[in-house]
Amino acid sequence: MSGTGSGPMDGRARDDGRVYQASGDQHISEYHHHYGGPAGPAGPDSVRRPAVGRVPVVLRDRTEVLGRLHTAVADGSSGEIYVLYGMGGCGKTAVAHALFRTATAEYGRVGLWVNAADRASLRSGMLAVAADRGAGDGELLAARNGYRPAADLVWQYLDRSAEPWLLVLDNADDPAILGDGSWLRTSPRGTVLVTTRRAAPRWWPGAERQHIGVLPREDAARVLHDLAPHTGTLAQAAEIADRLGRLPLALTLAGGFLSHQVIDPWTMDVYGRHLEEGQPVQLIDRGADDVSDADPRHLVGRTWQLTLDAFAERGLPEAVGLLRLIARLAPEPLPLSVLNDDAIGAVLPRARAESALRALLDHSLTELVDIGDARDARESHPADARDTDTTNGTGAGGAAADSGTLRCLRSHGVLLDSVVAATPAAQAPLLDATAGRLLGAALPAVPDAGPHDPRLRPLAPHVLALLRRTADPATAAEVLEVATRLAAALYRTGDYPSAWETADAAADSAARTLGDDHRAVLAARSRAGRALFRLGRYAEAGESLRGTLAVQRERFGAEDPDSLDTAHGLQLVLGNLGRAEESLALLRATAAGRAAALGPWHPLTLRSRSSLLTALSAAELTAEDERTHLLSLPEQCAEHLGADHIVSVGARHNHAWALYQLGRYEAADAEIREVAETYRQRFGPDYPIALAARQLQARTRAALGHTDEGIVLMTDVVAHRARSLGPDHPFTAASRDLLESLRGGRS
C-alpha cells in the first residue's frame, strides 16, 4: 500500500512510508462477548436554550450584580469574562439565566449556553456553538473526531460572528477542564459568563469575579413566602429562612414542600418545629474551595428529609426510592428514557414510577429540562418506541410535542450528595446495581458503526458518577462493562475524544475497587488505547495496548477474546508506526486466534481476515488466496452476516484495494463505486471512510484511463479534507499528493 491513505479500511505503513488514514475499525462493528441491552435515545446539546428548569419569577437580592452585568451586555462592550462564584445552591445559574434572557430579549445578543461540568459536555456544547456560528459539517466532524483542535475551531467562528453574543459556561466547577485545550478565551465579538464553585483567582486570570452568596434575611423570607404564601407570614418565613441558612436551594426545597401539602397541610410554624427536631445531614460540597462546619449546605438534608418523611406517611414511599436511585447518578441532564425500563422494578414498581417522579417534581427535588432537538435521533431509530417516555408514555415523561426536544431530569449536585450521605448503607448495592442496569439498557446491545450520535454522550457523566459511588465489586464490574460499551458506541460513531475519556476515567475509577488486572478493567484499558490510536497518539496507544495485552495474555491466555481484541488494536498501531512485519505477524495470529476461539464466521474473525486484504502485497495476496481463498472473503461475509452488515461492506472496500494491488482495475473500480455509494448513504459524504472510498475510486478511474474523472474525484476529496481537517493535516497532504500525481500522469 502506498502512503496516501487511499483505499483499504485499515491504514498502515509499507516500504518505510507512513499512512495517515481516517478509516479503519471506527467503521467496523466489533462484537464483544459481554455486551447486552437495547438502545435508548438521548439528545444533542442545545446552545440557544439554557438547560435549566424552573427559574424564580422574581430574583431576590441580585439587583446589584445584575445591574453590572446588564451594563456589560447593553453598551456593546465585548472581550470580557465574568465569573459568578459561590457555594452550591446559592443561585449562580439563576443569575446567569436572568442575564441570558435580558441579553437576548432586550439587547440583541445571541445567547449561547454550554454545560461545562465535564469534558465531554463542554466539548459537545462548544462544538454546537461553532455549528450555530456557521461551522460546516466536515469541520465539526474533524474536531469531534480529534483530527483538528476543537477549541480553535470554536473560537475562530465566535470571533467571526456577525452578531454580538453572550456565552454562558455553566457549572464550571472543575476549571482545569476549561484549561485543557484553552476553551476559555476572550473575543472582540462577545462576552463570556462563567458559573462555578471555585473561587481562587488562579483559576480565572483576567476575569472579573463576582461572589454570589446566601440571601439577606428579608429577601430569603420573601423567597420562601413567594413559594408558599398561604402557609405563614413573612416573619414566620424569616425564622425558617434563618434555620436554613438563607440558602436559595434549601429555601426552594422547603417552599416546594409547603406549597404541595393538600390533605394535611403544614404551616410554617409546624415546618419550623420539625426542623428543630431533625438532625442535619452532614454534607461536603466537593466543588467548593473551603467548607466550614457552619456552612449552610449542611442544612440542605433537613429540607428534603422532611419531604421524604411526608411521602412515606402519605403512602408514596416510591418517591423516596426514586430520589435515592437518581442520587446515584450525576447532577447532569438525564434522559427520561433511562427510567423507562423494567429494571427499575428492583427499587420501585415501574407502574408507580410516574407518580413518584411527579411527586419529586412538585416538591422541587428534581426538575425537567429540555436539551436539543430529538427529532433527528428519533428518525434515525424509527423502530425505537421508547423515545421520550418516562414510564407510561404520558405526562411528564413525553417530549415537548411541538419542539422535538428531548426531555431530561436534572437535580442539584448539593442535593444529590446530601441524599447519598443519608441513604442507608445496606440499600446502596441494590441502588447501584439498578442504576447500572438502567444505563446499560439505554445503550445498544452491540454498538454499531455510524455517523455521530448525540444521544450517547449525555450518558457518560452518569456512568462515571455511578462508578465513583459504587463500592460493591460485583456491581462495579457490571457498571464498568456498561461504561466500556458506551465508550465503544462513542468510538464507532467517530467521537474518539469522548470514547477515550469515558473508557480511561472508568478504568481508573473501577481499578480502585476491582484492581488493575480485573478483566473488566483491562477491557476498558484496551478500549481507551484503541481510541488513543484514532486520536493520532500512536506512541501512547502502542504503549497502553502492549501493556494491556501482556496482562491479558498472562491472566487469560493469548486465545482469550479480550486478548484478541487488544491484539487487533495493537497491530493497527504497529502498522501505522511503520513496523509492517510485526504488525502482519500479529494480525495473522489474531485472525487465527479469533477463528479458534469464536469460530470462522464470527464478525470479529471475518474482520481480522478482511484486514489481511490491506496488509499483503500483490504476491502475498496471490499466495494467501491459494491457501485460504482470501479473495472470496466478501462473499463469505455476505453469506454469514448479510450483504449490508458493516463488516461485509468493509470487506468489499478492502477487497477493492486488493484487486487494485493485483492490477484488476475493472473489477476494483466496479466494487469501490458501489462501496462508496453505500458509505455515502450510510455515513454522509464528509465521513472519513466515504472520502477514503472515493479516493480509491479516483485511483481506479485513472488506472482505467479516465484520468480526468479521477482528477475531478480527487479534487473534491482534497477540498473536503482541507475544509474538515485543515490544509496541513496529513490526510489532506496525502490526498493532495495523489491529486498532483494524477495531474502529472495526465501531462
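Seven cavities of 30 Å³ or more sit inside this predicted model. Here a cavity is a set of points on a 1 Å grid over the protein atoms alone where a 1.4 Å probe fits but cannot get out, with lining residues having an atom within 4 Å of a point. Grid points are joined across faces, edges and corners, and a volume is the space filled by probe spheres set on the points. As this is a predicted model, local features need pLDDT of at least 70 and side-chain atom pairs count only at pLDDT 80 or more, while totals for chains, interfaces and linings use all residues. Residues are numbered from 1 along each chain as its sequence is written, and side-chain values use heavy atoms, with hydrogens and water left out.

**Second largest cavity**
- This one holds about 70 Å³ of space.
- It has 12 lining residues, and the closest to its centre are Asp-686, Pro-688, Leu-691, Ser-724 and Leu-725.
- Elements giving two or more residues to the lining are α4 (137-144), α29 (688-703) and α30 (707-725).

**Overall picture**
- The protein has 31 helices and eight strands; helices (H or I, at least four residues) and strands (E, at least two) are DSSP runs, numbered from the N terminus.
- Of its 747 residues, 60% count as buried, meaning under 20% relative accessible area with a 1.4 Å probe and protein chains only (exposed is over 50%, partly exposed in between).
- The accessible surface comes to about 27,200 Å², and 50% of that belongs to carbon and sulfur atoms; areas come from the Shrake-Rupley method with a 1.4 Å probe, and for residues only the protein chains shown count as cover.
- Among contacts (heavy atoms within 4.5 Å) with a separation of 6 or more, 76% join residues 24 or more positions apart.

- Helix α12 (residues 317-326) has nine of its 10 residues buried, so it's largely enclosed by the rest of the structure.
- Leu-322 is one of those buried α12 residues; beyond its neighbours within four places in sequence, Leu-322 contacts Leu-339, Ile-344, Leu-348, Ala-353, Ala-356, Leu-357 and Leu-360.

**Strand β4 and its partners**
- All seven residues of β4 (residues 190-196) are buried, so the strand is largely enclosed by the rest of the structure.
- Both of its faces are covered: Gly-190, Val-192, Val-194 and Thr-196 lie on one side, with Thr-191, Leu-193 and Thr-195 on the other.
- Strand β1 (residues 80-85) runs parallel to β4 over six bridges, with Val-83 opposite Val-194; pairing takes at least two DSSP bridges between strands.
- Strand β3 (residues 165-170) also pairs with β4 in the parallel sense, over five bridges, and Leu-167 has Val-192 as its bridge partner.
- Tyr-82 belongs to β1 and is buried at 9% relative accessible area.
- Not counting residues up to four places away, Tyr-82 touches residues including Leu-69, Thr-191 and Leu-193.

**A three-stranded open sheet**
- The strand order is β6-β8-β7, with antiparallel pairing.
- β6 (334-335) and β7 (367-371) are the edge strands, each with a single partner, so one side of each has no neighbour in the sheet.
- β6 pairs with β8 (residues 406-410) over two bridges, and Pro-335 has Cys-408 as its bridge partner.

Conventions
On a 1 Å grid over the protein atoms alone, a cavity is a set of points where a 1.4 Å probe fits but cannot get out, and a pocket is an open set with protein on both sides within 12 Å along at least five of seven lines; lining residues have an atom within 4 Å of a point.
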